[in-house]
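Please keep the sequence and the 3D view open while you read.

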Amino acid sequence: MERVIRKQLLYRTGVEYGDYALNHVLGCAHGCKYPCYAFLMNKRFRSINYDDWVKPKPVDNTIELLEKELPKLKGKVGYINMCFATDPFMYNHPEITKLSCNVIALINSFGIPVRTLTKGVYTPDVAKVTNHPENCFGITLVSLSEDFRRKYEPNAAPVNERLRSLFAMHKCGFKTWVSIEPYPTPDIIEQDIDEFLESIGFVDRIVFGRWNYGRLNYPEQGKFYHEMASKVIEFGKKKGIEIVIKKEVVISG
Ligand code: SF4
């Protein structure tokens, strides 16, 4: 597996629900076709093509950089997010999972929690290395349909595996969350959001966002996203789940 070297890893993020973040891998094997924002940025600024993007390259000096950067953040940071521009638990990439486990253990050793997000799966090793009560483990899930998954998230973990592994983290006593973004409009896929929400009713936090990139022809998208967001909010109230509705969903109305 090819590797890259970086000068810096941790950065303050401008993302709505962010804080600090790191991307210890360049590229992502999941190869989402929404398309993936991180891929588009790398294509634009680094001329990386899709075939390159789906061959992940770990940052070789990850641990060395974090050992230098983390002491400066001790006591000054809420969460470190893993990751906004790659996937820390890439499906069928045990070497990436192993590196991510080492990263979590190191971050936690400075008393800092992590908030992770994946379209892969959490293996039992993740539960073993984690050592902070505020760690929060998440999956991205926008549809229960395997046909949708195969078309738009071709190399990501099957929906049921993703859900099962998140539920296992929940059963181990960890905080869990789901990012429902980019939620598709009915012209992309017809689905029942109530059934969808019931499948993730065990989590502590849900973030809901609209379909952002590429073609979106659905005529009543503002109305549609308002309805979906209202259902997510209602579901959160009923189940005692923290809900975050991304700004552009509200503006789109
Ligand atoms: S999982 Fe995330 S980082 Fe990876 S290709 Fe899909 S959207 Fe991009």
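Helices (H or I, at least four residues) and strands (E, at least two) are DSSP runs, numbered from the N terminus. This is a predicted model, in which local features need pLDDT of at least 70, side-chain atom pairs count only at pLDDT 80 or more, and totals for chains, interfaces and linings use all residues. Residues are numbered from 1 along each chain as its sequence is written, and side-chain values use heavy atoms, with hydrogens and water left out.

Most residues other than glycine have a negative phi, and most peptide bonds are trans. With that in mind, let us look at some places worth a click.

S47 belongs to the loop between α1 and α2 (50–53). Its phi is positive, about 55°, although S47 is not a glycine. S47 is also exposed, at a relative accessible area of 63% (buried means under 20% relative accessible area, exposed over 50%, partly exposed in between, with a 1.4 Å probe and protein chains only). N92, in the loop between β5 and α4, is another residue other than glycine with a positive phi, near 65°. At 61% relative accessibility, N92 counts as exposed.

Helix α3 covers residues 62–73, and its 12 residues reach 16 Å from the first C-alpha to the last, close to the 16 Å expected at 1.5 Å a residue (the expected span is 1.5 Å times one less than the number of residues). Which residues of α3 are buried? They are T62, L65, L66, E69, L70 and L73. Seen down the axis of α3, these buried residues fall within an arc of 115°, so they line one face of the helix. The arc is that of the directions from the helix axis to the C-beta atoms.

Helix α4 (residues 94–109) has 16 residues that should span 22 Å, and its end C-alpha atoms are 23 Å apart, which agrees. Among the buried residues of α4 are I96, T97, S100, C101 and N108. After α4 comes G111, with a positive phi near 75°.

**Around the ligand**

Where does the ligand sit? The ligand is in the largest pocket. On a 1 Å grid over the protein atoms alone, a pocket is an open set of points with protein on both sides within 12 Å along at least five of seven lines; a molecule sits in a pocket if more than half of its atoms lie within 2 Å of its grid points.

The residues around the ligand are C28, H30, G31, C32, C36, W53, T86, D87 and K119, with "around" taken as a heavy atom within 4 Å. By class, this shell has 4 nonpolar, 3 polar and 2 charged residues. Here Ala, Val, Leu, Ile, Met, Phe, Trp, Tyr, Cys and Pro count as nonpolar, Asp, Glu, Lys and Arg as charged, and the others, Gly among them, as polar.

**Pairs across the chain**

C32 and R150 are 118 residues apart along the chain, with C-alpha atoms separated by 9.5 Å. R150 is part of helix α6 (residues 146–152) and is partly exposed, at 49% relative accessibility.

V232, in helix α9 (residues 221–239), is buried, with a relative accessible area of 0%. V232 and V244 are 12 residues apart in sequence and 9.2 Å apart in space, C-alpha to C-alpha.

Conventions: 1 Å grid on protein atoms, 1.4 Å probe; cavity = no way out; pocket = protein on both sides within 12 Å on 5 of 7 lines; lining within 4 Å.
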